[in-house]
Amino acid sequence: MESSYKFRKYRIEREVLDEQRLEELAQRQPYADTQPSVINRLKDSIRCTVPKLKHGVLNTFPVLYWLPKYSVWDYGMSDLISGISVGIMHLPQGMAYALLASLPPVFGLYTSLYPALIYFFFGTSRHISIGTFAVLSIMVGSVTERLAPDVDFLKLNGTNVTTEVDVTARDSYRVQVAAATTVLGGLIQVVLGLVKFGFVGTYLSEPLVRAYTTAAALHAVVAQLKYIFGVSPARFNGPLSLVYTLKDVCLLLPQTHLPTLVASVVSLALLIAAKELNSFLSPRLPLAIPVELITIVTATLISNYGHLNRNYTIQVVGEIPSGLSSPIVPDVNIFSEVIGDAFALALVAYAISISLGKTFALKHGYKVDSNQELVALGLSNTVGGFFQCYAVCASMSRSLIQESTGGKTQMAGIASAVIVLVTILKLGPLFQELPKAVLASIVFVNLKGMFKQYSDVVNLWRSNKTDLVLWLVTWTSTLLFNLDLGLAAAIMFALLTVIFRTQLPTYSVLGNVKGSELYVDIGIHKEAREIPGITIFRSSATVYFANAELYLEALKEKSGLDINKMIIYKKRQEAKEKHKQKREERRTKRQAKREKLADQTEVFSVEEEAKTWRNPRMTMKGTEKDEENWTERENLTVFVKPATADGQRRWEYLKGRDPDSTSFGWMSEQMDGDATTLGSSSEDTLRLDLERISVGSLGKWTWDIHSIILDLSTANFIDTVAVKTMKNIFQDFGEIEIDVYLAGCQASVVEQLELGHFFSEWITKRHLFASVHDAVLYCLDHRGYESSRVTDSNTKL
C-alpha cells in the first residue's frame, strides 16, 4: 500500500535575511559611512542653537506655546464659567481638607491659590485642577500630628496641673512641619522630573492607586469622627493606629456632644439630598449647583446669628486672618524627620495627577508630558511650601467639574484662583463662625466617589485575580500600617507580582498560518500548523536570571525532547562502542597467545598462586601419585585444551577435571575468554539497560526534528545568566545533531549577546535571523527537504 505521506516541496519566495546578511546590506547603504560618531553626537548635544534654545524654553514653559495662540472669543467664556465653578468648590474643600491635615482652615485656602498659579506656567494638562486633595491631606495630617501632638503643647496653671492645649503654638509648629514636608516632596518631584524619571508613576498601577485612595478615604472618615460626634479621642501613631483610634472613638460615644451631632446629621442629610438632586438635574442644568458653598454659607449664617459656639459650645473654625502671608523659608531641620513621608507624598501626588491628566488628554486629543508634569507638580509644591501651603495634586471631583463645564485651557485655573484670592482678601473673616462639624460633613460626602471604588473587588474578581490580590493587599496594608508604610508595602508587593509574572511566563510552540508569514501559538489558534521537522519556541516574557532555568525546562517539554536522557543514551552508546573495541583488542591478543601455546603443548594447566606449569605427559597415568596430584588441584586449577571442531579452533575449559573427560564446556572463540564472569559483568548489565531505553520513552528523535527556532522578539534585554543558558541550549541540542537558531532579536539584545561572548566559532551570527519566517525558510532549505514529511504536498509556505 502506498504511503499517504509525501515529501513536501517548499518554495523560497524571498531572500532569507540572517544577521550577517543584514550587516552586509547595511554596509552597502550610502548613508552607512555618514553616520555620526559618538564624539560628533556629543558635540551636537551640547552645541547651543536657536532652534534648540527655542525648543528647550517651550518645553520648560509650556504656557509660552499655547498662550500666544489663545483665542478669547473661542475659549474665554468657557474658561471663565468653568473657573468660577471650580473656584466655588475650592472654598469649602480647601477649608474642610485643612482639617484633615490638622491645620487651620485658612491654610487650605492658601493651598488652593499659590500652587494653581505655578502650575499655570509649567503644566501641560489643560483640564486638571491643582489644589487640596483628601488623600494628601490625610497623609500630611499623619505627619503633623506625629511631630506636633497635643501633649507637647499643654498649658500649665499655677499648681502645675494641665488644663488645656496651647492651640496657637501647636498650629504654628504644625504649619512649619507641613510646609517643610511639602517643600521636600516638591524638590523630590523636580529632581525626578529633570532626570527623566517620569515613568516612576507607572509602578503605581491603577488597582494600587484605587485601593490606596479607598483605604485613605477610611482614614479620612475616622479622622473626622471626632468632629461629627464632638469627642476628643487620643492620637495614635504607627501600625494599627486606625484601629486604636476607632476603638477609642467607640468608647467615647457615650460622651457624644449632642448639639454637634445634630449639626452633623442635618448637614449630612442636606448635602446628600442636594447631591442626588444635582446628579438628577445635571443634564438639564448648564452649571452644577454649588451645594458645598451653599451649605457653608447657610451654616455660617445660622452659627453666627444663633451663637452656636457660645450657647451650645459647638466648635467653629475660629479666626481667619485676611490678606496674604509673606513667604517663609521652611525649617530644614525637619527634613530628616519627614523624608520618608515626603517621598510617599511625591509619588502619590504624581500618580494621581498624571493618571487624571492622561485621561483628559486622551479624551480631547492632546499630549501630556510625564516628565514635565512631574516638574510642574514639584514646583507647585516647592513654591507653595514657602507660602505655608501643604502638598497638592489634581483633584478628581474638581477636574471633572472643570472639564464638564466647558474648560478648555488652564485659564480656568487662573479664574478659580481669583475666586480664592478674593475670598482670602475680603471674605475670609466671614467664615469664622462656620462649625467644624459642617466641614467634616462635607468631607464625608465628597468621599462618596472613593467608597464606590469597592466595586473594583467584584470587577477584578471577574477579570484579573492577580490585580485583585494587589488591590486587597494595598487596601489592607494601608489600613493597618498607615499611609506611608502602607504605600511602601503596596509598591513592594506590586514589584513582586511583576517578578512572579516574568518568572512564570507563558511558553508556546508556534505554527504557521497557511498562506502567510504569521506564526502563532498552535495551542490557541487551530488554523496554525507546526512546520515538520522544526520547533518554534516562544516565551511571553524576557529571559533573565529569574526564569532562565524555567525557560530551558519549558523548551524541553514543548519540543518533546528529553535532552538529558538522549545525551546519556548517546554517551552510553559511545562508551559501549569503545568497550567493544577494547574487548576485540583483548580477544585478538588472547587468541594470538593461545595459538602460540597450542603449538607448544596440547594440554596445560594454570596455577595462579604457584605460577607453575604441569605437563600430564611427564607423569604416569593411572598411578596413585597422579590421582592425588589431580585431587589437590581440583578446586584451584583451570585446564585448557585446544580442539578442532567443524574446521574451527575452539577452546575447552574445565576446572579440576581430567583433561581426557568428555564433559567439557564449549565456548566459541568469538566470545569473551573469561568464562567465570560471563553473564554477570557490568558491561552486559549496561547493555541490557540501554536496550530498555526506547525511542518512544525519549520523545522525538533526531529524525523527527532537525531544527529549533527560539523566538526572542519578546526579549528587550538579556543578562549573563540567560546568555549562559542560550549557550547550553546550543551545546546540548548540538550533541544530538539538532540545529538551534535565534529569531527576532532586537539590536540591543544582539549587542548584549556580543558583550557576553555568546558568539564563537561554532555559534556564529549565521544563527541569527531577522524574523521567524526567515529562520524557517533557511531551515527548510538547509535540512528540510530530506526530512520533512506532510500529507499535503501542494501546500506552500
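Predicted model: local features only at pLDDT ≥ 70, side-chain atom pairs only at ≥ 80, totals over all residues.
**Notebook: rings, charges and cysteines**

I then counted the aromatic pairs in the structure and got 21. One of them is edge-to-face, formed by Trp 66 and Tyr 70, with 6.3 Å centre to centre and 65 degrees between the planes. I checked burial for this pair: Trp 66 is buried, and Tyr 70 is buried too. Next I returned to Tyr 507 and Phe 537, which form a stacked pair at 5.7 Å centre to centre, with 10 degrees between the planes. I noted that this pair links distant parts of the chain, 30 residues apart. Tyr 507 belongs to strand S6 (residues 507-513), and Phe 537 to strand S9 (residues 533-539).

Which residues do ring pairs link into a cluster with Trp 66? I listed Tyr 70, Tyr 75, Phe 120 and Phe 121.

I also looked for charges over rings. The charged end of Arg 126 sits over the ring of Tyr 366, at 4.4 Å from the ring centre. I recorded another case at Trp 461, where the charged end of Lys 465 sits over the ring, 4.7 Å from its centre.

Last, I searched the whole structure for disulfides and found zero. I looked up two cysteines as well. Cys 389 is buried, with a relative accessible area of 1%.

Key: Residues numbered from 1 in each chain as written. Heavy atoms only, no water. Disulfide = S-S within 2.5 Å. Buried < 20%, exposed > 50% of the residue type's maximum accessible area, 1.4 Å probe, protein only. Phe/Tyr/Trp six-rings, centres within 6.5 Å; stacked < 30°, edge-to-face > 60°. Helix = DSSP H or I, 4+ residues; strand = E, 2+ residues; numbered from the N terminus. Lys NZ or Arg CZ within 6 Å of the ring centre and 35° of its normal.
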